[in-house]
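The sequence and coordinates are shown first.

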Amino acid sequence: MIKDIFHTNKTNRLIRVAFTMLATMCAIHSTQAQQTKHVNPWTAKELGKLPPIASLTDGVWLKGDLHVHSSHSTDGVNPGPERHPVKTIIAFAKSVDFGFIGITDHDNHVLGDVEHHTWADPDFKSDSVLLLYGAEWTTTRGHGNTFSAKPYDHQKFYDVRDQRDANIIAVKKELGIHVSANHPAGPKDHFGFSYDLVDAMEVWNSALWTKNANSILIWEDMLASGRRVTGRGGSDTHSPSELNYIGTPTTWVFAAKRTSQGVVDALLNGRVSVSANPFAPRVEFFADLNEDGKMDMMMGDNAKSTGKPIKFRVELKGNIKTDSTYTVNVIKDGRNFGSFKMSGSKPVIEFIDTPKLIERMYYRLTVEGPPTNYPQVPRSAAITGNMVALSNPIYFNFDPEF
Ligand SMILES: [Zn+2]
Ligand SMILES: [Zn+2]
């Protein structure tokens, strides 16, 4: 009897072990079945038809500075009406052939009321330089510049500054303004908001190029994430200086029309490059999609890749030092793709690559070479060093609905 019980228990145990093993195998099998059935809804897939690429020739290159403070900003040395009058800024912009300027005073100094300060300044007008309406949105979580072709209710944007990002984004949309992150990696005033809020970011702040390395890292992250955030420059000057002043650096835009709206549109579309100063060469970046020898897109533009090789073209325009060599560094998806030497009176290089068929990819450039003298800001070239220019990316397979 005892033996029988023992035998029965042993049998039960064996049956239990067998069942457990079977159940485990079934569970593994069903997990595998679930995995094979799982579809990640975010996986890259072929995009539908993309918007057509705008003309590469109908437009005008305009240069300017997108981060300038007048006396209406009351920080910095010698605050007061005579420190940096609007009149001085506009006259200077005209003297260096600027097509546009963004005077972006701190809005917190006037509690958001830039409309009755900078914009109401009797000298805030020009017959030759396009003026953008904007301000430096100055908040506890960082600074951003606003830009608009026409006046808007900036007070409303100032008032929402400490709210959740979603509320800020809603107000930004309602106002129809362009928002750009300033000195995004600044040690005391980095940009601490969602980048869903911005259309552009300041990837080159002031003549001191080397301090922008961390801002470039953030830009790469945002580009890799699928955001087509335009890179722009800004001197962030508050008063005349021999080191850093209006135009260090200079932002170039390819505007479809010579209007303030044309400038804001070009900024949004990324048809933008940045140069060390108003007299330094400008970089232009194109791609030929169908191997017909004719360029089809420029920086800022987005196309579906064809799976075939694409020819890229880099041109340096303006004040070229013909006795020198320039180096073009191509960055593909955040990594070094290659460096190319260019020289002569019309420096051009071409390179070929095959972007992947479906995944997002982007290519952008920096150009290094001899510094260009800027007599109005005589010590700026020395601190900028060999950094000549940078381009915005050429994009492939970026979802416009992202
Ligand atoms: Zn700032
Ligand atoms: Zn500033």
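Predicted model: local features only at pLDDT ≥ 70, side-chain atom pairs only at ≥ 80, totals over all residues.

Asparagine 205 stands opposite glycine 234 in β7.

**The β-α-β unit**

The strands β6 and β7 pair in the parallel sense, over five bridges. Together with α5, these strands form a right-handed β-α-β unit. Strand β7 is largely enclosed by the rest of the structure, because five of its five residues are buried. From β7, Thr230, Arg232 and Gly234 point one way, while Gly231 and Gly233 point the other way; residues on both sides are buried.

**Helix α5**

Helix α5 covers residues 213-224, twelve residues in total. The distance from its first C-alpha to its last is 17 Å, close to the 16 Å expected at 1.5 Å a residue. Which residues of α5 are buried? They are Ser215, Ile216, Trp219 and Leu223. Viewed down the axis of α5, these buried residues fall within an arc of 100 degrees, so they line one face of the helix. An α-helix has 3.6 residues a turn, so residues three or four places apart point the same way. The buried residues of α5 pack against β6 (200-205), β7 (230-234) and β17 (361-368). On the other side of α5, Ala213 and Ala224 are exposed.

**Backbone torsions**

Most residues other than glycine have a negative phi, and most peptide bonds are trans.

| Residue | Phi | Location |
|---|---|---|
| Serine 206 | about 70 degrees | loop between β6 and α5 |
| Glycine 226 | about 105 degrees | just after α5 |
| Asparagine 397 | about 60 degrees | segment after β19 (394-396) |

Serine 206 is not a glycine, yet its phi is positive. Are serine 206 and asparagine 397 buried or exposed? A residue counts as buried if 20 or more other C-beta atoms lie within 10 Å of its own. Serine 206 has 23 other C-beta atoms within 10 Å and is therefore buried. Asparagine 397, also with a positive phi although it is not a glycine, counts as buried because it has 22 C-beta neighbours inside 10 Å.

A further backbone feature concerns a peptide bond. The bond from threonine 248 to proline 249 is cis, with omega near 5 degrees. Proline 249 is found in the loop between β7 and β8 (250-255).

Note on methods
Residues numbered from 1 in each chain as written. Chains lettered and ligands numbered in written order. Helix = DSSP H or I, 4+ residues; strand = E, 2+ residues; numbered from the N terminus. Expected span 1.5 Å × (residues − 1). Buried ≥ 20, exposed ≤ 12 C-beta atoms within 10 Å, placed from the backbone. Arc of directions from axis to C-beta. Contact = placed C-beta atoms within 7 Å. Pairing = 2+ DSSP bridges. Right-handed = clockwise from strand over helix to strand, strands pointing away.
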